[in-house]
Every structure is written in structure tokens, then in C-alpha cells.
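I opened this model to look up a few places in the fold and to note what surrounds them. My entries follow in the order I made them.

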Amino acid sequence: MVKGFAGEMARVNLSTGEIRKEKINEEWARLFIGGRGYGGKIIYDEVDPTTDPFASDNKVVIATGPATTSNAPASGRTVIVTKAPLNGTIACSNVGGFFGPQIKQAGYDMVIIEGKAEKPVYLWINDGNIQIRDAQHLWGKKPSKVEQLVKRETGPKARVMTIGPVGAKLSRIAAVMFDVNRASGRTGVGAALGSKNFLGIAAKGTGKIEFADPAGLKAANSKARKLLKEKPIPSQGLPTYGTSVLVNIINEIGGYPTRNAQDAYFPTAGQTGGEAIVEKVLIKRGACAACPITCGRITEIREGKYVGDCGEGPEYETTWALGAMCGVDDLNAITKANYLCNEYGLDTISAGSTIACAMELYEKGYIPERDVPFPIRFGDGDAVVKLVQVMGEREGILGDLLAEGSYRLAEHYGHPELSMTVKKQEFPAYDPRAIKGIGLNYATSNRGACHVRGYTISPEVLSWPSAVDRLKYEGKAELDKTFQDFTAVVDSSGMCLFTFFGMANMSDYGSILRAATGMPYSDAELLKAGERIWNLERLWNLRAGYTKKDDTLPSRLLKEPIVSGPSKGEVCELDLMLPEYYKARGWDGGGRPTKEKLEELGLTL
Ligand code: SF4
């Protein structure tokens with residue numbers, strides 16, 4: 001058996017009710033590591049890239065990695081891999097919480113969901129035993145309610161992942177919620193499960209995972225924890241202020257998309273930043289399994305019309321999407337809208353950006369008055385709260401369109417250029433006009449615009465592990481490629497990407513993964529595995545119909561200079577970076593991996 005893995009995955013066919021256990025493939029564990037890589041390989045081999053994401057032949061892989069349960073720092077991640085309802089790409093959505101270790105200790109590194117159930121069901125996985133259970137009484141309920149009822153049926157120690165009401169309503173921006181408030185947010189993975197009448201999984205495990213070199217693993221983990229303790233971002237910035245520590249940092253360089261990215265500087269951003277969150281709503285920090293960083297925010301609204309509401313967040317991307325992107329600086333309204341997104345099971349980035357898009361469409365007169373339940377103007381925090389509700393309920397024509405994401409909304413009203421998306425996915429809280437490398441990353445990210453597929457913000461803004469000029473486009477192609485491949489390894493390991501803020505060398509992860517699995521892969525081979533994973537995802541997208549023309553950015557970012565702030569006048573020079581990027585990747589001028597590159601990576605078309 002492969003060390004570092006539970007050794008088995010469960011294949012559950014909802015159409016037939018059949019449950020099969022399969023061994024983890026040792027060669028795949030070497031070539032694709034686990035998590036995102038291994039799950040991607042399953043989707044690549046087994047799902048037709050041209051199928052409808054809601055068709056019963058789409059599959060959903062829920063996967064952990066070899067570092068899960070190893071006590072490596074922040075090693076409690078779970079990924080969901082499927083054909084994305086939002087855009088048909090190969091989606092991998094990553095989440096923290098405590099579910100991953102439970103399912104692995106219950107005996108399964110991964111669960112593959114196939115087919116479609118006749119009626120809503122959920123899985124109860126209890127130390128190796130798997131039952132398909134009726135979920136009709138839970139369908140469409142909030143994650144907090146589902147968790148409460150499922151724990152009553154399975155026991156208080158079960159960890160629960162569930163879709164929310166919008167997953168059941170097939171919203172293409174539906175998340176899957178873990179431990180109530182942690183979201184596997186992007187690309188609409190919640191709707192992929194909803195389309196299968198699949199609510200989620202309750203898991204409890206007490207098994208012990210065997211690691212190849214327990215002493216070596218302990219030493220590697222200690223070293224990693226020491227690195228995180230020594231560096232200011234993971235030991236001070238993130239624990240003290242949460243991820244929203246970035247609000248002021250990004251705004252002060254003029255890279256904070258504002259009012260649907262009509263600008264990139266928001267003068268009152270400070271009222272919503274990490275410091276303001278600590279002062280106004282924070283109750284205590286939160287952490288995922290085995291995580292020393294504790295970037296989570298447990299919060300309560302203490303004043304105003306939403307007083308008394310409590311929950312988790314907002315995180316940085318949420319603060320921005322429901323805040324500056326909508327022109328809103330009311331932290332209480334942002335926090336309330338964030339709670340509602342969690343209750344509906346909505347991806348906060350896409351939800352906020354879609355509302356911002358609706359506001360611009362409305363203010364420009366492209367949405368007729370008859371379609372809106374109330375005026376939807378930039379700067380109105382209460383309108384953002386109400387629009388999340390309208391979206392979550394799919395209420396009226398506007399609610400129905402909002403739940404489909406900004407691309408379909410803007411297209412419906414004849415102005416797709418006002419959707420701030422790449423490959424139909426809303427981009428996050430960094431403006432590519434002010435930070436060029438992240439623009440190239442958005443354009444080339446395999447799941448559509450994304451910051452956590454290659455977080456070049458780290459060198460471009462935070463000067464970690466070394467400073468790179470954010471306004472230069474030269475050198476960004478190599479930088480992006482390296483960050484993308486590196487991230488694919490971290491995502492496949494089961495560890496949180498934020499560990500990078502202390503662990504900037506592949507050897508920091510390599511020593512953990514080698515000790516966990518006993519695999520003889522070198523650091524260079526691990527990085528090559530990251531490149532293999534990236535290319536596998538690219539091949540899938542090409543087969544799904546994506547081409548070079550989709551490696552782009554919203555025209556606003558290419559043509560409309562930033563209006564105010566420290567990055568005034570900048571646009572993103574994507575056309576100068578993209579050919580360099582293809583070259584750095586060993587792809588042809590059309591963005592297709594060459595025969596030589598595929599041979600080097602051991603991949604075939
Ligand atoms: S750094 Fe934050 S998101 Fe990552 S595992 Fe730790 S608490 Fe969770």
C-alpha cells in the first residue's frame with residue numbers, strides 16, 4: 001500500500017446505488033501527488049470534456065492529499081474536482097476546515113460521485129462503512145441547519161460538507177460549505193452536486209494513517225512550523241488581522257478594483273480592512289485543522305440594523321467583493337451580506353462581483369426598471385444585503401440572472417463587456433492594471449480568473465520571497481509559470497497555500513511529502529509534477545473547446561486606464577506577456593502544449 005494515503009477511494013454511483021472501493025494507484029500518486037492532481041487525472045480520464053456539467057455523466061471527486069493528517073502545518077484541506085457548472089473548465093475548488101482529516105481517517109483518500117440520484121441523498125461515511133441516506137428533509141436548507149440535523153442522525157463528532165439552498169437551485173456560483181462556514185467556493189461546484197440530487201457527506205474516522213518515515217516527517221513538520229513562526233505574514237499579519245490585512249495594502253498601491261473595476265482606488269477602504277474588522281466585529285480567531293496561522297475570523301455585528309448576527313468572516317476577497325467592488329464601505333452591511341452568502345452557499349467573490357455588474361448595468365440604464373425590485377446603486381450596502389437574498393432565492397428575473405453569475409447577467413442585458421470575468425469566472429480583489437503578473441495569471445488560469453492558481457501578489461506587492469516590480473510586464477511569464485506549477489503541488493499535497501508565506505522553497509514541501517509517502521521524488525520532480533498537473537488541466541480545457549482567444553481579460557482592464565490613486569493611468573499589457581508565457585510553458589503560438597512538452601511530461605492528448 002502507498003504510504004501517506006488511506007489507500008482506498010470510494011466510487012459511489014447514485015443512479016444504481018452501487019458503492020465500490022478501489023485502491024489508490026501508486027504510479028498516479030507519484031505523478032499527480034494527490035488532491036487536485038490525482039482528482040484532475042480521474043476527471044481527465046473519465047469525463048467527456050464536452051458533456052453538460054449538469055449531465056449525469058459528469059463526475060465529482062472529493063479528495064484529500066498525502067499530507068492530510070500528517071500534522072504538517074495547515075494540512076486539513078479538501079478539494080472538489082469536476083466539470084465546472086460556471087464555465088465548463090476542469091474545476092478544482094479548495095477548502096479548509098476539518099472535513100479532510102475525517103474522511104481520510106474514515107478510510108478514504110477520495111470519494112468519486114457518479115450518476116444522479118432519483119431523490120436527494122447524502123453519504124454517511126463512518127470508519128470505512130458507507131451508507132447512502134435519504135436527504136429529502138434536508139434539501140434546500142441552510143448549511144447550519146443541515147449540519148445540526150445531520151449530526152443528530154450521525155453523531156456529534158461527524159464532520160459535514162453540504163451544498164446550500166443555491167446548490168439545490170443549480171446556481172452556477174454555488175459553493176459547497178464545510179463545517180458550516182468554510183466554502184469550497186469557486187466555479188459553481190455546489191451546483192454540480194445539486195444536479196446529482198446529492199446534498200453532501202457526513203464523515204467520521206478514527207483510523208490511523210501510516211507514514212513512510214514518521215521521524216523524518218516529525219522533523220520536516222517542525223521545520224515548517226518554525227519557518228511559519230519566523231516570518232511576519234503567517235505569524236503576525238494573518239493571525240492578527242486575518243486575510244483582510246490586505247485591504248489597505250492593496251488599496252494603497254492603487255490595485256483595489258472599485259465599482260465594478262471602473263477604478264482601482266477606494267478612498268474609504270480603510271473602514272472595511274483587517275484593522276477595522278478587529279475593532280468592530282471580531283470575537284476571536286479561527287483556524288482549520290492542524291493550522292498554526294489562524295487566519296479565520298469569528299465575528300458578530302455589534303451595532304446598526306444587523307446587530308446581533310454572528311458567523312465567520314468576512315475574508316479579504318469577500319470584504320472586497322461585497323465592499324469596494326460595489327462601492328460599499330459599510331463593514332456591518334458587508335459582514336451581513338457575507339453571512340447570507342454562507343447561509344445560501346454562494347461563492348462570495350462571484351456573488352459580490354455579479355452584484356457590482358448589476359449596479360453598473362442599472363446605473364447605465366441597461367437594466368429596465370421593471371426588472372429590479374428596488375434601486376440598485378453603487379455605495380448602497382443595504383441594497384447589497386438585499387441583492388444577496390434576491391440572488392439566493394432566485395427571486396424574479398433579476399434574482400434568477402444574478403444566480404447565474406455576472407457573465408450571463410451582462411450578456412442577457414446586451415453588455416457582456418461589463419462582466420469582470422475570465423472564462424466566465426469573476427476575477428478577485430487585485431487589479432491587473434496595477435499588478436501585471438496577476439493579470440497574466442487571471443488570463444491563463446485553468447479554472448477562469450483566479451488568484452490562488454499562482455499568487456504573484458506575494459512577490460509583486462508583498463516582496464515575498466523577493467521583490468518584483470508590479471508595474472513591469474517583463475519577466476512575468478516565467479514568474480507566473482513557476483508560481484502556477486508550485487501551487488499545483490501545494491494544492492495536491494493537502495496543505496493550505498498560505499503556508500507559502502513561510503515555506504517558499506519546494507524542498508519545504510518535498511521533505512514533508514517524501515517522509516509522508518516514501519516516494520523517491522526529488523524537489524525538481526515535484527515541481528515537474530506541478531507542471532504536469534497544469535498541462536493536464538490545459539489539455540482538458542482545449543478538448544472542452546477553450547482556445548487562445550479565451551486567455552484574455554475583460555476589455556476594461558486592457559483598454560481603460562485606472563482613473564485615480566497611485567496607479568492612475570495604468571492598463572494591463574497582456575498582449576506583451578502572453579506570447580512569452582506560451583513560450584515559457586513550451587506551448588505553440590496557439591497556446592497548445594507541443595508534442596515535445598507532452599512527451600517530457602508523460603502526457604498524451
Ligand atoms: S491559513 Fe487560514 S485558510 Fe489556511 S488552513 Fe490556516 S486557518 Fe485555514
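Entry 1. I looked up S353 to begin with and found this residue in helix α13, which covers residues 348-363. The model is predicted, and I read every value below with that in mind.

Entry 2. Is S353 buried or exposed? Its relative accessibility is 0%, so I put S353 down as buried; the cut-off for that word is under 20%.

Entry 3. Which residues does S353 touch, once those up to four places away in sequence are set aside? I listed N260, A321, M325, S406, M420 and E426. I also checked S353 against R394, which is 41 residues away along the chain. The C-alpha atoms of these two are separated by 17 Å.

Entry 4. I turned to the nonpolar cores. The largest holds 157 residues, and Y256, L346, V388, L409, Y430 and I512 have the most contacts inside it. Helix α13 gives the most to this core, with 9 residues. There is a second, separate core of 41 residues, and I noted Y108, A117, L123 and I201 among its members. As a general remark, nonpolar side chains tend to be buried together in soluble globular proteins.

Entry 5. How many residues of helix α17 (436-444) are buried? I counted 9 of its 9, so the helix is mostly covered by the definition of buried. They are K436, G437, I438, G439, L440, N441, Y442, A443 and T444. I then looked for what they pack against and found β16 (421-422) together with the helices α18 (457-460), α19 (476-493), α21 (523-544) and α23 (574-585).

Entry 6. I moved on to a sheet. It is open, has 6 strands with mixed pairing, and I read the order as β2-β1-β6-β3-β4-β5.

Entry 7. I checked the pairing of β1 (residues 8-13) with β2. The two run antiparallel and are joined by 5 bridges. In this pair I found M9 opposite E22 of β2.

Entry 8. Last, I looked at helix α2 (residues 35-46). It lies across β1, β3 (60-63), β4 (78-83), β5 and β6 (110-114). I noted that α2 runs at about 20° to β4.

Definitions and conventions. Residues numbered from 1 in each chain as written. Predicted model: local features only at pLDDT ≥ 70, side-chain atom pairs only at ≥ 80, totals over all residues. Heavy atoms only, no water. Pairing = 2+ DSSP bridges. Helix = DSSP H or I, 4+ residues; strand = E, 2+ residues; numbered from the N terminus. Contact = heavy atoms within 4.5 Å. Axes fitted to C-alpha atoms, helices over the stretch in contact; angles between N-to-C directions. Buried < 20%, exposed > 50% of the residue type's maximum accessible area, 1.4 Å probe, protein only. Core = buried A, V, L, I, M, F, W, Y, C linked by side-chain atoms within 4.5 Å.
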